[in-house]
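Hello,

Here is the structure for you to look over. My notes follow below it.

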Amino acid sequence: MRNTFVIALLAVTLLPFASASMTVPGGYVSTAPLVVDDAVLIRSSATFDGTSPPMLRAYGENGTVRWAIEGPSTTQPDMAEVLLVPAGQAPCGAWPEHLIIAWSSGLLEARTPDEGVPLWQANTPVQGWGITASPVATDDGLLVTTRTGVELRCFADGTVVHAADTGLGWRNPATLVNGTVHVGDESGQLWSWVPGEAPTSIDLGGAIRHAPVLLNDGLLVHVQTQATSRVEWLPLGENGLPQPASAAHTLASGGSPGMPVALHTLSAAIGDASGVQMLNWTAEGWEKTRLSTSSVQGPLRLEQGRLTASANGPNGGFLGFALDGTTAALTYTADLKGYGTAPPVRCGDAWLLVKDEGKVVLDPEEGGLSCPLTVKPAPVEVEPPVDKTPIVWTLALMTAFLAGSAAAYRRGPLHGLRWGTPFLLVALIALMPALIGWWAEQSPEVQGETPWDDAWPEAWRDGQVVAFELPNGTLAVGGFEPRPTVLEATVAAANELGVSLATEDHALGQWVTAVDGVTGDGWIYEVDGTRPTVGPEAMALPSSSVLVWRLA
Amino acid sequence: MFASVGVHGPVLSPTAALLFDVVLLGAATVLLLQDKRMTRHQGVLLLSFVAVVAVLRVLMANLPNVQPVTVAVLLAGASLGARRGMAFAILVTMLSNTVLGDGYWTLFQAAGWAAIAVVGSRARLIEDDRLLLGRATLFAGLLAFPFGLITNLSLIGGGTGFAHLPALVWAGLPFDLSHALGNVVIMLWTGALMLRMLLPVDVPDAMATPGVESDVHLV
């Protein structure tokens, strides 16, 4: 009895530290959070009244915003999942680990996961809206379903390797199977495309709003029709193209289907307004098991052997099923209910739950202390790469000494200098990169004094402050969510202050040419009192810094 | 006239760039024409040497601040005199910068090298048509630093004031060191050869030879 009391007391004491909740400002959160190292990335759509733009925020410990980026404003929701691409290389180039972010404005961009600094950007076709489908990382490249077709792009720089026009689509990612891309569209066409060739299609009727699911050497497609839906299974022929749908595997289901997921080679889960079902493929047809009657209209997710989903309804919670041969539903302790489509996501040893309205809860199923939202990241010891430069300059110095000494001994000091100095020069050139860095650190004036106006609120000190020194006075703003680059912070500050901004493309990236209509001889910027030597688009801005724009 | 992007001093507008080039070219022409001692042969030789040194500078551009021009200009000043040395400096700078990048800094590089040519003309580096190698090497090494200072002045403007100059000079010292060491190496290995290319040989200038005009009879 006493032990039970102690354990209960401990649990009550620790629970507030283990669980966390916060609200993402702005429009709906329709996509699952992405956990990257020590941050949780959550995207939100623009509000319908246009008061808040579409955003992607990186949250760290205690829900602090590490960085935030703003997408081009559209009235369409941003529903494409953010994709984390590991570092790699291909004939088109090499790339570091990066995020792929697709916007409903048609913008497709790659950014660094740690600071959100842009690596490349590309525009895709827009017809009413742009990209609503999650991009897919494949061995052949980045597979992007645009509004009007499908593209295979290079991860390194975003260039299009191959592209094909299909039908107009909405939230319809593609699937790559043995070199053939399969993608559905809004008119029920299931397109198949070998990159570099013309696409072909099969008409399934209705609308296809998910990635075709590979199941038992065929494609499972959940077709949305007027008030109901239909599950089809199309075997893949030897040419890799889908054959006509199997009549035995055509299944009528509820309305507004979600995004199915393959569970094993012969089984998949589907969701719709009638609930969630597990389908096992048999030669005679589907063997069905109903898992839930809660409406699921978003993605079903398979993670760590668990099938998860968000129930979509005024009192909708979250669903979780263990796939260990049983179908017992998991229970989430968090009392978070409402409309939503984003499935729970594993974050450390907890579950991250998010609903449409931006309410985020960390459900500490087994403690929850290892999710970045609640813990300080442990310092990562990175082994420095082996630098062979010291070997070069050491050898060059030794050779210089030997050659110079020998020549000086034989023919005099000038000859010694003549034979020794070339090797000294080689040593200096080899040493130069390290020397420059070391030298810059020694400079007493490298760091400028951070400008601070005492009239500014103290609350701005811990964040980013942007000031525009205009001819008729200085305008400043702070306390906004930190932006990853100088340009993005400048745009955010200008919007906040209601100041117009004109930019121009230069070889060094975008440059601000006018602020509030003032051009002068150009605009320059300083970060914490120091003038960087890169353009504002490429300059990472610390989350606590003062950025000043002034006339040149 | 200036449009600033705040990276490399003021950026010249096309008109300003043209104006600067015209001024520099005009200065070089005036300096050459003022020198009455120069024969056509020497003029052709000088221009050929301009081309050779400009190509050398372009080829060595990847080595951090290793500048064959400095040694060439120093020797040009020492062997041809201040005026031709300065003209040589301006022409090499302009020609090589057509490949390496022309801009506001061309003016300062040309000024820096022209100053070195003047120093060369007064430093008594040649005795009886022979290069005093030790003295020339010392000058070549030391002159890298004032040259670095002059070129740093090109970064002033476009929002960078004179208050930033100490920081700019400090940041540029490793490059000045590389420049100095490069000068020493180039002078020690090619100084004598360069001087031979620059010193006038005994080829009479036909038009300058007395009596040539009277031998020409137009019928």
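The link of A:Cys347 and A:Cys371 is right-handed, with 75° about the S-S bond. This is a predicted model, and the values here are computed from it. The sulfur atoms of A:Cys347 and A:Cys371 lie 2.0 Å apart. The pair links distant parts of chain A. A:Cys347 sits in strand S33 (residues 345-347). A:Cys371 is in the loop between strand S35 (359-363) and helix H2 (389-411) of chain A. They are 24 residues apart. Both A:Cys347 and A:Cys371 are buried.

Over all chains, the structure holds two disulfides. The other pairing is A:Cys92 with A:Cys154, again with sulfur atoms 2.0 Å apart. The torsion about the S-S bond of A:Cys92 and A:Cys154 is about 85°, so this disulfide is right-handed. This pair, too, links distant parts of the chain, 62 residues apart. A:Cys92 is in the loop between strand S7 (88-90) and strand S8 (93-95) of chain A. A:Cys154 is in the loop between strand S14 (149-153) and strand S15 (160-165) of chain A.

Is each of these two cysteines, A:Cys92 and A:Cys154, buried or partly exposed? A:Cys92 has 37% relative accessibility, so A:Cys92 counts as partly exposed. A:Cys154 is buried, because its relative accessible area is 2%, and the cut-off for buried is under 20%.

Number the bonded cysteines of chain A in sequence order, and the pairing reads 1-2, 3-4.

Now chain B. B:Val52, B:Leu56, B:Leu193 and B:Met197 form a nonpolar patch on the surface. Together they have about 300 Å² of accessible area. Helix H2 (40-59) and helix H7 (165-198) of chain B are the elements that give two or more residues to the patch. An α-helix has 3.6 residues a turn, so residues three or four places apart point the same way. B:Leu193 has 46% relative accessibility, so B:Leu193 counts as partly exposed.

Helix H7 of chain B also deserves a look for its shape. How far does H7(B) span between its end C-alpha atoms? The span is only 36 Å, whereas a straight helix of 34 residues would span 50 Å at 1.5 Å a residue. H7(B) has a kink of about 65°, centred on B:Thr190.

Best wishes

Technical notes
Residues are numbered from 1 along each chain as its sequence is written. Chains are lettered from A and ligands numbered from 1 in the order in which they are written. This is a predicted model: local features need pLDDT of at least 70, side-chain atom pairs count only at pLDDT 80 or more; totals for chains, interfaces and linings use all residues. Side-chain values use heavy atoms; hydrogens and water are left out. Patches are made of residues with over 30% relative accessible area and no salt bridge: like charges are joined within 9 Å, nonpolar side chains (Val, Leu, Ile, Met, Phe, Trp, Tyr) within 5 Å. Accessible areas come from the Shrake-Rupley method with a 1.4 Å probe; for residues, only the protein chains shown count as cover. A salt bridge is a side-chain nitrogen of Lys or Arg within 4 Å of a carboxyl oxygen of Asp or Glu. Helices (H or I, at least four residues) and strands (E, at least two) are DSSP runs, numbered from the N terminus. Buried means under 20% relative accessible area, exposed over 50%, partly exposed in between (1.4 Å probe, protein chains only). The expected span of a helix is 1.5 Å times one less than its number of residues. The bend at a residue is the angle between axes fitted to the seven residues ending there and the seven starting there. A disulfide is a pair of cysteine sulfur atoms within 2.5 Å.
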